[in-house]
Amino acid sequence: MTDAPTLNRGPRAVVSFIGIGLTAGLLSGLFGVGGGTVIVPLLVLLLHFNQRLGAGTSLAAIVPTATVGVISYAVHGSVAWIPALILAAGSVVGAQIGTRLLPRISQTTLRWFFVGFLVVVIVSLFLVIPSRDAVFELSVLSGMALVVVGVATGILSGLIGVGGGIVVVPVLMLAFGTSDLVAKGTSMLMMIPTAISGTIGNLRNHNVDIVAAAVVGVSACATTALGAWLATIIDPGVANMLFAAYLVVIAVQMAMKAIKGRRKKD
């Protein structure tokens, strides 16, 4: 049985689900991320979901959100289809590795490592402005690199629950020279099979509040296309700064979790 909160069927909770979905959808479309970094903490803080149930519910809500996001970016020709599938395959494998390594690795150490990674990315976003005309050129070497990135992303997802977009979007822009729009559209496509795979496992373990996931997911769909449209009209430099600000929020959240985890050990 799930341990879903008793409030999750009341009017207040439904309104909260809708608000969470609208916010997550806008940020998903704008930045090419899944929205879990918004959904999970809000479910925990506002509706008293535990971390595991919140993460499972968020992952299920990401499936329709990412689907709308992919369609929105595809309309503008901003999805690298084959690279996205390579990333997704690697991510699915990596997630399984991550979940198996979970009991053996210090969460606090991992979180500080990820904070360090985000700091490097944030600084880089102010130094490297992607060209909107850049085209992703797939070769044997870049394909192998994509597999590595996908597996690494999946491992991080399995270990600390971060969404793939937080890693994939900046890596595609900074390491592969991809335009910001293609990076975001590709990231959204990569998330769909990954989220479906994770959701199936979470459903088996009763870690999904289906009603909450449906309301959040449908609500997110209403604003995802708007976020994707805004991404196309915002200057790449400004988009980098906005994404950097978003990553700062994520880094602060992760650092706070690392500090709390260390205090519990002490």
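Author: Two residues are in contact when heavy atoms of theirs lie within 4.5 Å, and in this predicted model residues 24 or more positions apart account for 85% of the contacts in the chain with a separation of 6 or more.

Reader: What makes the chain agree with a compact globule?

Author: For 266 residues, the rule for a compact globule gives a radius of gyration near 18 Å, and because the chain has 17 Å, the two agree. Along the principal axes, the C-alpha atoms fill a box of roughly 50 × 40 × 30 Å, and 50% of the 266 residues count as buried.

Reader: How many helices and how many strands does the chain have?

Author: The chain has 10 helices and zero strands.

Reader: Why is Leu127 called exposed?

Author: A residue is called exposed when its relative accessible area is over 50%, and Leu127 has 69%, so Leu127 is exposed. Leu127 has its place in helix α5, and together with Val119, Val123, Phe126, Val128 and Met241 it forms a nonpolar patch on the surface, with about 590 Å² of accessible area together. Helix α5, residues 107-127, gives the largest share of this patch, namely four residues.

Reader: How do you know which part of the model calls for caution?

Author: The confidence value, pLDDT, runs from 0 to 100, and over residues 1-8 it stays under 50, although the model has 18 contacts beyond four places in sequence for them. Where pLDDT is low, the predicted coordinates should not be read in detail. For the chain, the mean pLDDT is 87, and 95% of the residues reach 70 or more.

How values were computed. Residues numbered from 1 in each chain as written. Predicted model: local features only at pLDDT ≥ 70, side-chain atom pairs only at ≥ 80, totals over all residues. Heavy atoms only, no water. Patch = residues over 30% accessible without salt bridge, like charges linked within 9 Å, V, L, I, M, F, W, Y side chains within 5 Å. Areas by Shrake-Rupley, 256 points an atom, 1.4 Å probe, with all protein chains shown as cover. Salt bridge = Lys/Arg side-chain N within 4 Å of Asp/Glu carboxyl O. Helix = DSSP H or I, 4+ residues; strand = E, 2+ residues; numbered from the N terminus. Buried < 20%, exposed > 50% of the residue type's maximum accessible area, 1.4 Å probe, protein only. pLDDT = per-residue confidence, 0-100. Rg over C-alpha atoms; globule rule 2.2 N^0.38 Å.
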